[in-house]
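Please keep the sequence and the coordinates at hand while reading.

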Amino acid sequence: MTTRQGVTLSLLSSLLFGLMYYLSTLLAPLSGTEVYGWRMLMTWPVMTAFLLMGERWGGIGRAWLLVRTTLARLRQEPLLWLVLPLSSALLGVQLWLFVWAPQARHGLDVAMGYFLLPLTMVLAGRLIYREKLSVLLRAAVLAAGLGVGYELWRAGHFAWPTALVALGYPVYFVLRRHFRTNHLGGLWFDQLLMLPVAAWFAFGVDGSGWHVYLDRPALLLLVPLLGLISASALLLYILSSRGLPMGLLGLLGYVEPAVLVLISLLLGERIDAGQWVIYLAIWIAILLLMAEGLLRLRERR
């Protein structure tokens, strides 16, 4: 895969995630929780089929081997019986929040969390793994920190969806890295363990969820479409990650939250006058991170 193809796939993935973000608002009267349930029920089978057929794509084909390896580890490492459900729960909360937020008019808060996420990942690397920070990375963290500090001073609190994304994902990634499940096989297990809860959310505790589809038959088309878009976006991201340098992949990661901001504004959310300070601080930090990434790409070349 060429770099141009990898960039194209990454951009398509971000646009599909944005489309899913918007589509979740069109599924009324389904709640965000029900949408999350259907999303997982539709995505996991596609993910499974992708891994089973993955031998054609080299490294991705070995992901199914990692699934079998993880099964073997469960017999040898009893602690994994606790770690895997915890990992699944941490990711499940994030996937639920993604489709719940636009319906609940917290889209901008979630987008802000994704903007802050690279910075909290940098901090996690520094604090937990003692990774060295360049001058540009330190400046980026400082700029973001000043913006967050101002927002806390101005509003007295930080929106909980923002904090959940910015702080929850680093915990998830650190846990997977520590227990060596940070691969596609581990992701497959995370999604597998979500299925019982997803089914409970999708069908309702007493099975009453079916009447919604009788009242609005269009959902019979929209719900599978949501699952198809979700699976396609994930698979495109996985494919693009194989063909791009990590630095460039990280830079392209800013496209998705930018799309989420635009969609949130189109859905009627507004940025308060006082919030422009934190947005300015975050964008300064992002520009510094982009400069750092471009320098690393240039050094590799």
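Contact here means heavy atoms within 4.5 Å. The model is a predicted one, in which local features need pLDDT of at least 70 and side-chain atom pairs count only at pLDDT 80 or more, while totals for chains, interfaces and linings use all residues. Residues are numbered from 1 along each chain as its sequence is written, and side-chain values use heavy atoms, with hydrogens and water left out.

The pLDDT, the predictor's confidence in each residue from 0 to 100, averages 84 over the protein, and 89% of the residues score at least 70. Helices are DSSP runs of H or I, at least four residues long, numbered from the N terminus. Confidence is highest in helix α4 (residues 80–100), at a mean of 95, and lowest in helix α11 (residues 246–252), at 64. Where pLDDT is low, the predicted coordinates should not be read in detail.

Helix α4 includes Q94. Beyond its neighbours within four places in sequence, Q94 is in contact with L164, V165, G168 and Y169.

Helix α4 also meets helix α2 (residues 32–52): their axes, lines fitted to C-alpha atoms over the stretch in contact, come within 8 Å and cross at roughly 120°. The contact is made by G32, T33, V35, Y36, R39 and M40 of α2 together with G92, L95, W96, F98, V99 and W100 of α4.

Conventions: Helix = DSSP H or I, 4+ residues; strand = E, 2+ residues; numbered from the N terminus. Axes fitted to C-alpha atoms, helices over the stretch in contact; angles between N-to-C directions.
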